Amino acid sequence: MASDQDQFRLVSPAINQEGKLPRKYTDEGQGAKRKLSPPLEWYNVPEGTRSLALVVEDVDAPDPSGPIVPWTCWVAINIPPTLKGLPEGFSGKEEDVGGDYASIKEGNNDHKVPGWRGPKLPSHGHRFLFRLFALDDELNVGNKVTKEKVLEAIGGHVVGEAELTTKF
């Protein structure tokens, strides 16, 4: 059995011991310190990984008509496995950051725009699930990347999955 140190792991240095997502990553931050994508780091990417895909959802989002339906906050694909993470405020700046980051393609969130869209919540206490998939290939899902297309395309290509849950 692999120890925790050997497992494919996803962490964020910005999330405190209680697992809380700071305000600056949400719609409730102040001025320039709002709607920033949180910094992420990953460890022990599985052997055979050719790309990584990230899906972030508010798993406690209420549907106005009733049930709880996960709300997509961020989708990013074709993250090179050579990268060890994404810096704070990365979303929307792939080309500015350049290098290996330039190949990352951000998909549409449930606001129908590409990139990170931090929560603006009617109530606090929501859980946000960050899922990082290690894939044996790069994804080609066309120009409009969505969570649904990504989850369909990764079938049969996942060599590992790491999760991080935070609260806001």
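Trainee: What makes up the protein chain in terms of helices and strands?

Mentor: This predicted model has two helices and eight strands in its protein chain. Starting at the N terminus, the elements follow the order β-β-β-β-β-α-β-β-α-β.

Trainee: Why is the protein chain called as compact as a globular protein of that length?

Mentor: Its radius of gyration is 15 Å, and the globule rule gives 15 Å for 168 residues; the two values are close, so the chain is as compact as a globular protein of that length. Along the principal axes, the C-alpha atoms fill a box of roughly 40 × 35 × 35 Å.

Trainee: What makes β1 and β2 a pair?

Mentor: Pairing needs at least two bridges. Strand β1 (residues 9-11) and β2 have three bridges in the antiparallel sense, so they count as paired.

Trainee: Which residues of β2 lie on the covered face, and which on the uncovered one?

Mentor: In strand β2 (residues 40-43), L40 and W42 form the covered face, while E41 and Y43 form the uncovered one.

Trainee: What share of the protein chain is called buried?

Mentor: Buried residues make up 47% of the 168 residues. Each counts as buried because its relative accessible area is under 20%.

Conventions. Residues numbered from 1 in each chain as written. Predicted model: local features only at pLDDT ≥ 70, side-chain atom pairs only at ≥ 80, totals over all residues. Heavy atoms only, no water. Buried < 20%, exposed > 50% of the residue type's maximum accessible area, 1.4 Å probe, protein only. Helix = DSSP H or I, 4+ residues; strand = E, 2+ residues; numbered from the N terminus. Rg over C-alpha atoms; globule rule 2.2 N^0.38 Å.
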